[in-house]
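The following exercises are to be worked through with the sequence and the structure in view. Each task is followed by a stepwise solution.

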Amino acid sequence: MSNSYLDLLAYFGIGGAHPGGFNLTLSLLEDENIQPVDSVLDIGCGTGQTAAFLAERFHCQVTAVDNHPIMVEKARERFKNRKVSVNAMEGDTQHLDFADNSFDLIIAESVIVFTDISKTLKELSRVLKSDGRMIIIEMIAEQYLTEELQRKVCSLYGIHEVLTEKQWILQLQQAGFTQVDMINTPSEFIQSDITDINQSKNINTDFYDLWEEHNEFILRNRKFIGYRTFSCHLT
Amino acid sequence: MYQSNLYNQCCRYHGQKVRITCRDGSVHVGEITRVSRDMVWIRPDENLGGYGLGFFGRRGFGLGFGIALGAITGIVLASAFFW
C-alpha cells in the first residue's frame with residue numbers, strides 16, 4: 001500500500017519525524033532502565049535514529065522494523081556508519097515475523113496511526129513479553145472532527161481514522177494492554193528543528209508541494225489534531 | 001537534484017529558514033535572502049555563531065553568503081511539523 005506522506009519522509013530521510021522530534025525521544029528514553037540483555041523493538045523505525053540511540057546508550061538488543069524499503073536502507077546505512085549493532089528489517093506491523101513474547105520493550109513513534117490500528121495493536125501485544133512495556137507517540141483528535149476534516153486528514157496522510165485520547169485507550173485495552181498511562185509531554189504541537197537528514201537525490205517536486213500542503217494543514221488545524229504519548233503494559 | 005528544480009525550490013523558500021546540504025557534506029542553516037540562476041544566498045542566524053558559521057553570522061545583516069546551486073545536494077526547511 002503506497003502512502004505519499006510516508007514516501008515524503010523516506011525520500012527526505014528525516015530523522016525524528018514525529019511530534020516532539022528526537023528531543024521527545026531522548027526525554028522519554030534517557031532515564032529508562034534498559035539492560036543489555038533486553039530485546040527492544042523499534043517499530044516503524046524510519047531512518048533509525050532512535051534505534052541507533054538505544055543501541056549506543058544501553059547496548060541492548062535492538063530490532064528496527066519499517067515497511068518502507070528506502071527507510072530500511074537509510075537505517076542500515078546509519079547503523080553501518082555509526083558502527084552500532086541493530087537488526088534492521090523490512091516488515092509489516094500487522095503481520096510481524098516474530099514469535100510470541102519476543103520483546104521487553106516496544107517503541108512506536110507516530111507509526112500505528114498509519115496502519116490498521118486495532119490489528120497492529122493486537123500484533124504488538126502478541127510479540128511483547130507479558131511483563132514488557134510499550135511506549136507509543138501517536139496522533140489524536142483533540143476535539144470532535146467534522147466529517148470533512150476527518151476525510152481531509154485521512155486522505156492527506158493515508159490513514160484510516162483519527163482516534164480521540166479515549167478511543168486510543170479503549171483500543172489499547174481491547175488489544176490486551178490492561179495498564180495504559182499517559183506520559184505528560186508538551187501539549188502544544190510545535191515545529192521541530194531538522195537536524196538529522198539523509199536526502200535522496202532528485203526528489204520529485206510533487207513532494208515539496210505535499211510538504212507545503214501538510215504544513216499549511218497543520219497550521220490551520222493544530223487545535224483539532226494533536227498527539228499523545230502512552231506507556232502501555234499487558235499486566 | 002536537477003538544477004532547475006533546485007532553483008524553483010530556492011525561490012519557493014525565499015525568506016524562510018532552510019537547511020542546505022552540499023556535496024562536500026557541509027551543512028548551512030539560514031534564511032534565504034536572494035536567489036539567482038546559479039546561486040542562492042543565505043543569512044545564518046546570529047545565535048548559530050558557535051556552530052562554525054560564526055564568521056558569517058557576526059555580519060548579521062545583508063545577504064549573508066552565497067552557495068553555488070551546483071554544490072547543493074539537498075534543501076529543506078530548517079524546522080517543520082511531522083507526524
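**Exercise 1: Two helices of chain A**

S4(A), Y5(A), L8(A) and Y11(A) in α1(A) meet F207(A), L210(A), W211(A) and H214(A) in α8(A), where contact requires C-beta atoms, placed from the backbone, within 7 Å. The model is predicted: local features need pLDDT of at least 70, side-chain atom pairs count only at pLDDT 80 or more, and totals for chains, interfaces and linings use all residues. Residues are numbered from 1 along each chain as its sequence is written, while chains are lettered from A and ligands numbered from 1 in the order in which they are written.

Task: Determine at what angle the axes of α1(A) and α8(A) cross.

Solution. Step one is to locate the helices: α1 of chain A covers residues 4-12 and α8 of chain A covers residues 205-221. Helices (H or I, at least four residues) and strands (E, at least two) are DSSP runs, numbered from the N terminus.

Step two concerns the axes, which come within 10 Å and cross at roughly 115 degrees. Axes are lines fitted to C-alpha atoms, for helices over the stretch in contact, and angles run from 0 to 180 degrees between N-to-C directions.

Step three classifies the angle: α1(A) is therefore roughly perpendicular to α8(A), a class that spans 65 to 115 degrees.

Step four sorts the contact residues of α1(A) and α8(A) by class, giving six nonpolar, two polar and no charged residues. Ala, Val, Leu, Ile, Met, Phe, Trp, Tyr, Cys and Pro count as nonpolar, Asp, Glu, Lys and Arg as charged, and the others, Gly among them, as polar.

**Exercise 2: The sheet of chain B**

Task: State the order of the five strands in the open sheet of chain B.

Solution. The order is β4-β3-β2-β1-β5, with antiparallel pairing; strands pair if DSSP finds at least two bridges between them. The edge strands, each pairing on one side only, are β4 (65-68) and β5 (72-77) of chain B. Within the sheet, β1 (residues 17-22) and β2 (residues 27-35) of chain B run antiparallel and are joined by five bridges. In this pairing, V18(B) stands opposite G30(B).

**Exercise 3: Where the chains meet**

Task: Find which element gives the largest share of the side of chain B that touches chain A.

Solution. In the first step, 17 residues of chain B are found in contact with 22 residues of chain A. In the second, α1(B) supplies the largest share of that side of chain B, four residues. Finally, β7 (residues 192-193) of chain A pairs with β6(B) in the antiparallel sense over two bridges, and S192(A) stands opposite A80(B).

Definitions and conventions. Parallel < 35°, antiparallel > 145°, perpendicular 65-115°, else oblique.
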